[in-house]
Each structure stands twice: as structure tokens, then as C-alpha cells.
Amino acid sequence: MHTSLRIAIVGAGPGGLTLARILQRHGLAVSVFERERGPLERPQGGTLDLHVESGQLALQHAGLEAAFQQIARYEDQGSRLMDQHGRLLFEDPNPDAGDRPEVDRTALRQILLDALPEGCVHWGVGIDAIRPAGNARWTLHQNSITHGPFDLVVGADGAWSKVRPLLSPYLPQYSGLTFIEFSIDDVDRQHPHIAKLVGRGKLDVEGGAKAIIVQRNANAHLRGYAIFRAPTDWAAAPLSLTALKAQFEGWHPDILALFDAANTTVLARHIHALPVGHRWYHRQGLTLIGDAAHLMSPFGGEGVNAAMLDAAELAQHLLNTPDCSAAVQAYENHMFERVIPAARDSAEGAATQLSHDSLALSLAHLHQHLTPQ
């Protein structure tokens with residue numbers, strides 16, 4: 001390990017912050033650059049389930065097991081599947097018995113930020129360019145400001161990474177699926193009938209080549225997604241809740257009540273993915289983790305878990321291998337193979353979602369991965 005290495009991480013999501021925390025914990029100099037102006041500038045998305053073998057393992061490497069237990073929601077691991085007529089087809093009756101507790105993205109990000117020294121994360125720095133600086137080092141550029149040089153630049157900057165083009169020509173491809181996001185506040189007190197409908201975890205409703213997924217977050221908050229196969233410009237104009245509800249005409253009134261209770265703001269999220277097996281030729285001083293390396297659809301819940309495991313494995317190689325370039329190359333070669341099964345499953349999930357037999361496939365998946373009593 002060379003404590004003289006200067007490492008830049010572009011992106012302050014869970015993957016980038018996990019990497020920064022592990023490296024900082026072992027004495028390496030790390031700077032994180034994030035285009036957002038602060039941790040609460042925008043909503044961080046919905047709830048996550050952290051897996052023992054990946055997300056939770058990474059937090060162990062980061063020394064944050066106790067902090068994680070303070071925000072983990074073991075009681076919200078349940079799953080329910082209904083059809084459009086309100087018929088309950090599957091329910092996990094004992095959600096808190098699982099080992100994949102839910103955690104809000106904002107809370108996860110905060111425990112990672114709290115573990116980093118002040119000044120480690122540079123907020124409001126949108127990287128415009130990354131340029132070679134000689135001797136396999138790189139500088140980061142924001143308008144007329146130059147940061148660096150750095151011995152290693154890690155792209156942890158998500159789907160539309162600014163680092164990826166230096167390594168790979170591939171761009172994320174649209175899956176054909178658009179998620180329209182909505183939310184419901186204070187559900188237990190204000191909307192107890194909806195709280196009962198969703199249960200302690202996730203509700204999935206499918207039918208008529210459409211779907212609704214609703215997830216319980218902390219503080220009695222629900223985050224929902226109305227899912228359609230549509231061109232990317234289908235939701236280009238702002239949607240109203242009334243227009244969204246009209247798309248589900250004929251569905252059971254209890255399900256339509258979700259839209260009546262929702263907040264007025266809805267967001268369109270187009271689901272993109274990189275090719276299964278995406279990889280690049282090693283280039284000294286650069287690498288990628290998380291969505292920048294292997295963007296997947298959300299089916300399977302592997303995205304954040306894979307990113308955090310990337311961070312833990314890259315950190316361990318850097319800490320245990322004297323040569324930085326050799327450490328990065330060892331990480332990349334293993335990561336390329338490790339993520340293929342998850343990426344393949346995610347791609348298949350996106351391909352079959354809203355197909356003619358998607359309800360049957362969802363039911364089979366739940367029976368395979370959950371154990372009703």
C-alpha cells in the first residue's frame with residue numbers, strides 16, 4: 001500500500017462514499033467530487049435492501065455495522081403481489097425474518113458522510129473534463145478550475161458518467177420501460193387503508209401490460225412507481241396525477257386510491273442499462289465502480305449492492321497490492337465476471353416485465369426467492 005497515492009472519486013453516491021470511507025480509514029488521501037451542492041439538494045430515491053454478501057459486507061469493511069443497524073428496517077422486508085382486480089396472489093407473512101433489511105437511500109448516504117472527515121467531499125463540483133497530466137496521472141476540470149493531479153480517478157458518477165468515455169465507448173441503452181414516480185406521506189395516520197394494502201415492504205400490482213410498485217420507506221412514507229412500456233418522449237410533458245390515474249382505468253378502486261392519496265409531484269424515470277458483460281481495456285490511473293461500470297435495470301435489487309461491493313473490493317486491492325495499476329487491474333478483471341449473473345438477471349427482468357405472462361413470472365419469482373409460512 002502506498003499512502004502517498006492521491007485518489008479522486010467522482011460521485012458521492014453510496015459506492016463512491018463507501019470507497020472513500022474504507023480508503024480514508026486506512027490512511028489514503030481521498031477527495032470526492034460531487035456536482036450536487038449538498039447532500040439534500042435532491043431526493044435520493046426510494047428504499048434499498050442491502051444484501052449480506054455485498055452491501056452489508058462493504059459496510060463491515062467501512063466499520064459502519066453499528067451505524068447501519070440504527071437505520072436498518074428488518075420489519076419492512078415483506079412482499080405482496082396482486083392483480084389489477086385487487087386479488088392477492090402472494091404475501092410474505094414473516095418479513096422481519098429475512099436478512100436483507102430495508103434502508104432509505106438518504107439515511108445510508110448520511111452514515112457514510114458522517115464517517116468521512118470534513119472537507120473530503122467537495123460539493124458543487126461538476127466535472128467537465130478529465131485530462132492526462134503525465135506519468136499516468138490525471139487532472140479534473142470544472143470550468144476554469146483544475147483539481148489534481150491524481151494517481152487514480154475512480155468514476156462513481158452513475159449512468160451518465162463523465163469518466164466512462166475515457167475507458168469505454170458504450171452508452172446506456174433505453175430498456176423500453178418508463179417508471180412514473182409518485183409518493184404518499186404519513187400513510188399510517190392519514191391513509192390507513194393504503195398502509196394495509198401495501199403492507200410492511202413492497203406491493204407489486206400487475207395487469208393489462210402495466211404495473212404499479214409501491215415501497216414502504218421510513219417515517220410512514222410510501223414511494224410508488226407506475227410502470228409502462230413507452231418511447232422515451234411519452235412522458236416528456238409534465239404528467240398530472242389525474243392523467244396518471246386515467247392510464248389505469250378499470251383497475252380496482254383500492255389500487256386507484258394510491259393516486260388519490262399521492263403528492264402532486266410526479267417524476268418520469270426512463271430505465272437504461274449497459275450491455276451485459278460490459279468491460280474495457282485497463283487504462284492506468286482510471287477505473288469505474290457501480291452504475292458507471294455496469295448500469296442495470298432495478299429488477300433484482302443489485303445496483304447499490306454491486307456498487308458497494310465494487311468499492312470494498314477495489315479498496316482491498318489498493319490496500320494490499322504495492323502497485324496501484326496492478327491493484328486496479330485485478331479489481332476490474334474480477335468485477336467484470338462477478339457482475340455478469342446479476343446483470344443478466346436484471347436484463348431478463350426488464351425484458352419480461354409487462355409481457356403477456358409477466359404476472360405468472362413474478363409469482364414464480366416470489367415463490368422461488370421467498371418462503372411463505
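Modeller: Leu274, Pro275, Val276, Gly277, His278, Ala293, His294, Leu295, Phe336, Val339 and Ala343 line the largest cavity. The model is predicted, so local features need pLDDT of at least 70 and side-chain atom pairs count only at pLDDT 80 or more, while totals for chains, interfaces and linings use all residues. Residues are numbered from 1 along each chain as its sequence is written, and side-chain values use heavy atoms, with hydrogens and water left out.

Colleague: What volume does the largest cavity have?

Modeller: A cavity is a set of points, on a 1 Å grid over the protein atoms alone, where a 1.4 Å probe fits but cannot get out; lining residues have an atom within 4 Å of a point. Points are joined across faces, edges and corners, and a volume is the space filled by probe spheres set on them. The count comes to 1 cavity of 30 Å³ or more. The volume of the largest cavity is about 50 Å³.

Colleague: How many residues of its lining are nonpolar, polar and charged?

Modeller: Ala, Val, Leu, Ile, Met, Phe, Trp, Tyr, Cys and Pro count as nonpolar, Asp, Glu, Lys and Arg as charged, and the others, Gly among them, as polar. The lining of the largest cavity divides into 8 nonpolar, 3 polar and no charged.

Colleague: What is the geometry of the pair of Phe228 and Phe248?

Modeller: Phe228 lies in strand β15 (residues 221–229) and Phe248 in the loop between α7 (241–246) and α8 (253–261), so the pair ties together parts 20 residues apart in sequence. Phe228 is buried at 4% relative accessible area, and Phe248 is buried at 0%. With ring centres 5.5 Å apart and planes at 50°, the pair is tilted.

Colleague: Which strands pair with β13?

Modeller: Strands (E, at least two residues) are DSSP runs, numbered from the N terminus, and two strands pair if DSSP finds at least two bridges between them. In β13 (residues 201–207), 6 of the 7 residues are buried, so the strand is largely enclosed by the rest of the structure. A parallel partner is joined by 6 bridges, with Gly78 opposite Gly201, and an antiparallel partner is also joined by 6 bridges, with Leu203 opposite Val214. The parallel partner is β4 (residues 78–83), and the antiparallel one is β14 (residues 210–217).

Colleague: Which residue takes a positive phi in the hairpin of β13 and β14?

Modeller: This hairpin has 2 residues between the strands. The positive phi, near 60°, is that of Gly208.

Colleague: In the open sheet of 3 strands, which strands stand at the edges?

Modeller: The order is β8-β9-β10, with antiparallel pairing. β8 and β9 (residues 138–142) pair over 4 bridges, and Arg131 stands opposite Thr139 in β9. Each edge strand has a single partner, so one side of each is left without a neighbour in the sheet; these strands are β8 (129–132) and β10 (145–150).

How values were computed. 1 Å grid on protein atoms, 1.4 Å probe; cavity = no way out; pocket = protein on both sides within 12 Å on 5 of 7 lines; lining within 4 Å. Phe/Tyr/Trp six-rings, centres within 6.5 Å; stacked < 30°, edge-to-face > 60°. Buried < 20%, exposed > 50% of the residue type's maximum accessible area, 1.4 Å probe, protein only.
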